[in-house]
Amino acid sequence: MKLENKLALLSETEFNQLSPNVLKLIANINVNEANVDALVLSILLNDLGYDNHEVELAVTKLRNSDIKIPSKSVNTSGNGKLDCAIFINDQLRVVIEDKEPSEPIEKAIDEAQFYAEGLNKKGEDIRIIIGFNGTKMKLKVLDHTSLKWVPFFINGEELEKFPSKKIVEIIYNYKDVHGIKVEDIQEEINIQDIVWNLKTIYRNTDLQNDNQKTIDFTVAFIGLKSVLEKYRGLGERGFKLWEELNPKENPKDNSSADDEDLRDALTQSVNKIIEKKKDEFKDLFIIKDSEQIETFNFEKTLKTFTSDYELKCLRNIYIEISRLHDLHHSQIDLFGEVYESLGDKNTKKAFGQFFTRRHIIKTLIELFEIDINSFIGELKPTVNPKDESKVILKAIAPQKVCDPACGTGGFITELYKHLVSEARVINKFKDIDFSDLSSSSFHGYDIYTSNVTRTKINMYLAGDGFSDVRKADTLQDSEIKSNSFDYIITNPPYGKGTVTVNYPQYVDGELKALPVIGNQRLEVNFLVKIVDMLKPTGKAMVIIPDGVLEATTLSDLREWFLLNCELTKIVSLPKHAFAPYTHEKTYAIYFTKRSKPLNNLTQVEQDGDIWAYIVDNDGYANSDKRFRTDCMDENGKYLHDEFSSWRGIDGSLNDSLLIERFKRKTQQENECFYSEWDEIIEGDKYGYIKASQILEDEFISYKSITANELVRKINSRILDEINYEIIFNSSVQKQKLTEYKENILEQLALKQNIHYDSELKIFLNKNKVLVKKLTNKELCSLVNEECKDTEQIIKHPHELLTLSSNGTSINKAYIHVLSKIGILYDLSSKTPKFWLEKNQSYQKIERDKAVTLITKIIAQLYLAKSINDIITPDTGEVNIDYLPYFQDLNLEYDSYEKKTYDLNVKNIKKTLVLSPEKYFRKVKAKSISIEEMQTKNSELIDSLSSLLKQFSS
């Protein structure tokens, strides 16, 4: 027996072992209540096999207890009396109230309920009550969630007979069992228990030191069993049966030689599978990273089991995995269970980016509404290659589905299972070859080799041949063509990327592949790529983060999306849906690619309304702990799980809350919704959003400018206030201009030896000296005049010179004389030059050349060389020296987006927010006065100051 919701599921054998329940009615309706009591006693003792100690009439007090039966009389302290009661091990288990045939059965069951509730308030545990009037019988059990008394069902029919001992036992052994149903159920083996046992075994091996290797080893071992089971009875030469790998008849026999034989049989099986089915299964047993470096090898790992103790551990692993049923066509989530049980914190976090819980996937797929007839299409009879005596049906041109970021294959695996189950209930599809269908219709791509392997195995476990699943960088792989798929279903990665995906767009009548927006984030580019991959009228379901649906900076993306696709459904997922791996708020969006893009947004109003739903509870706690929240109402319906289908106490299988409400489409009047803490959720939960609502809100956007444009604008503004005319010709004298002038002149003098004559307002190049040479006669006359009272009279200028091996120099006797007269000289040429200092001048620089020189110095001193001068790379903020220019030019830098906006160029745009919360859960803002706001701000500042003081101390 196993439990599902509030129903006990029994195999046919288990059900047949139950004693029959009995109901006998009284023949004479004119009898009194004592006669009815007697009939009940007879049924319980003679027909149902209760003994005299277990059945008691007129019960006023519980056994082995001072607790008395409560009285029905108002304002009395007396004791009540049960007409009849069933005791098991001296514990009261069933309260029975009898009435005369003339009295209504409702009175009998109400009195039984009164007594049971009174006793339960005193600490008893009464779960079964019965009312009987000789002609009618009513049985109810207690629902501990709602504290209501509800009917008990057997195979969908309400139990209206006295229960056998076994029924009472089941109700008391399992809390809140409200019915029994017979199902063809296999003995339940819990994979979590098996993996947990494996974990214990691994602690005694080298595997315990490598968490990822432990996981890969477990998956490969279970995969080996699955592969051998797949080829059982198909005549594949060299393939042993799984059970044949174990040569021991007695599993408790500790012969190490037999354990070696098991290890060798395992390695031989792996080698044979790789030899014969290389393309299909090699990646299961040999894993390589993106650089094709081997990170795991199952055969090599098996060979590390060498000691007697290690070989015994290997046998125990084999025995534990043998407990699993045939995995082919199973509903098992192999990787999810293995990672959840074996993964450490870091491994689980890494796996989390590829993992979406299956109960979420199944419901989202159901909302996809794929028409199975269109998907499979026309069929063709074909001889079965495995048995030529039989004919199978093959789809001629089935539709194609793809997951371009398949992770471990959760979405396409569950979609495959869903479509197969849909097809098998249709007569014409009963003999179809589903393996062939999956290999031609299902495609998956992922950038990680290990994920591709896991997807293949998951698809194989689902019963498929092998699909087109391969390693690919979807955003850049040229082999992934546009307009290729009828359906796409995926949960792509989010975050920073390195590429921008182009999309065909008409520019001036010419079709060009251009970026939709200049954004490299993965979620943005995957959405663009998905639309590109879809055929016209193709459909997609994509899980995306909230920014795509509501960030103002991505409104251009949403405009492009709405022009190219019709949005049909939006499901808001809980923030903790992927916790603890990520807390990103996400949505599942459903859309159809348009046959032809719309010309403008007003045409979107011609689309149908968008059905939207907000999931508040997914069956797990809305926290990082993510434990199951299995609360159900008295009928077995989940209260805190909107994704899972549920089984009613009458045995019926029912839609999940989400699907139930989707079929209803619009919210019922006065329908209430609760959080997992049973708090009322304000606002709506589901219904339709009109396109006109989405188009209502507008915002002002500003033109973004490139880094080069920013540098040009800033430099142009600098040159407006620092240029030749303002600095050297302006009549306005400002301290800042004086500083600029001094800095520029200093640089000219230091670097080019150019000086400014402020009186003449000209620039002089002191590298170019202009002189009037003295004649020999003039020179001698000037020197002799100065030396007339001495003996230093000269007749020729050469007498002023001294010749040596080092060259020509001025005679020491005349150095002072020439200086006193003010004569300068140049001895570098063959004929020395002499001139008067007062007659010396410098080359004047023409205005145009002066302007050019000044502009270059200004550029060196004050202009930005690159964007890194303006935006400091370390902080990502505007350099303080350039802030005044941002204010002057009315520019604004967004450090998050790393973009500069020109606030002078406005553009009114549509916000196009698509998140259901905006339309269903509008926050009611409370208005406050400016005085109140100022008071609250002051209080906040005081609190922050106090905290800072505490930290500093």
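Leu-7 stands opposite Gly-179 in β11. Strand β2 (residues 7–10) and strand β11 (residues 179–182) run parallel and are joined by four bridges. Strands are DSSP runs of E with at least two residues, helices are runs of H or I with at least four, and both are numbered from the N terminus. Two strands pair if DSSP finds at least two bridges between them. Strand β9 (residues 153–154) also runs parallel to β11, with two bridges. Here Ile-154 stands opposite Ile-180 in β11.

This is a predicted model, in which local features need pLDDT of at least 70 and side-chain atom pairs count only at pLDDT 80 or more, while totals for chains, interfaces and linings use all residues. Residues are numbered from 1 along each chain as its sequence is written, and side-chain values use heavy atoms, with hydrogens and water left out.

**A buried glycine**

Gly-131 is found in strand β6 (residues 128–132). Its relative accessibility is 0%, so Gly-131 counts as buried. Buried means under 20% relative accessible area, exposed means over 50%, and partly exposed lies in between (1.4 Å probe, protein chains only). Leaving aside residues up to four places away in sequence, Gly-131 touches Glu-97, Ile-105, Ala-108, Ile-109, Lys-136, Met-137 and Lys-138. Contact here means heavy atoms within 4.5 Å. Gln-476 is 345 residues from Gly-131 along the chain, and their C-alpha atoms are separated by 72 Å.

**Salt bridges**

Side chains of opposite charge can pair when their charged atoms come close. A salt bridge is a side-chain nitrogen of Lys or Arg within 4 Å of a carboxyl oxygen of Asp or Glu. The whole structure holds 45 salt bridges.

| Asp-47 | Lys-24 | 3.0 Å |

Asp-47 is partly exposed at 32% relative accessibility. Lys-24 is partly exposed at 38%.

Glu-660 and Arg-664 are four residues apart in helix α21 (residues 657–664), so about one helical turn separates them. Glu-660 is partly exposed, at 23%. Arg-664 is partly exposed, at 28%.

Glu-739 and Lys-736 lie three residues apart in helix α25 (residues 735–752), about one turn of the helix. Glu-739 has a relative accessible area of 33%, and Lys-736 has 49% relative accessibility. Elsewhere, salt bridges that share partners join Asp-616, Lys-637, Glu-642, Glu-660, Arg-661, Arg-664, Glu-671, Lys-685 and Arg-921 into one network.

**The second largest pocket**

The second largest pocket has a volume of about 1,100 Å³. A pocket is an open set of points on a 1 Å grid over the protein atoms alone, where a 1.4 Å probe fits, with protein on both sides within 12 Å along at least five of seven lines; lining residues have an atom within 4 Å of a point. The volume is the space filled by probe spheres set on the points.

The lining has 36 residues, and Asn-519, Thr-553, Glu-897, Lys-899 and Tyr-901 lie nearest the centre of the pocket. Elements that give two or more residues to this lining include α18 (522–533), α20 (555–564) and β40 (899–910). The largest share, six residues, comes from β29.
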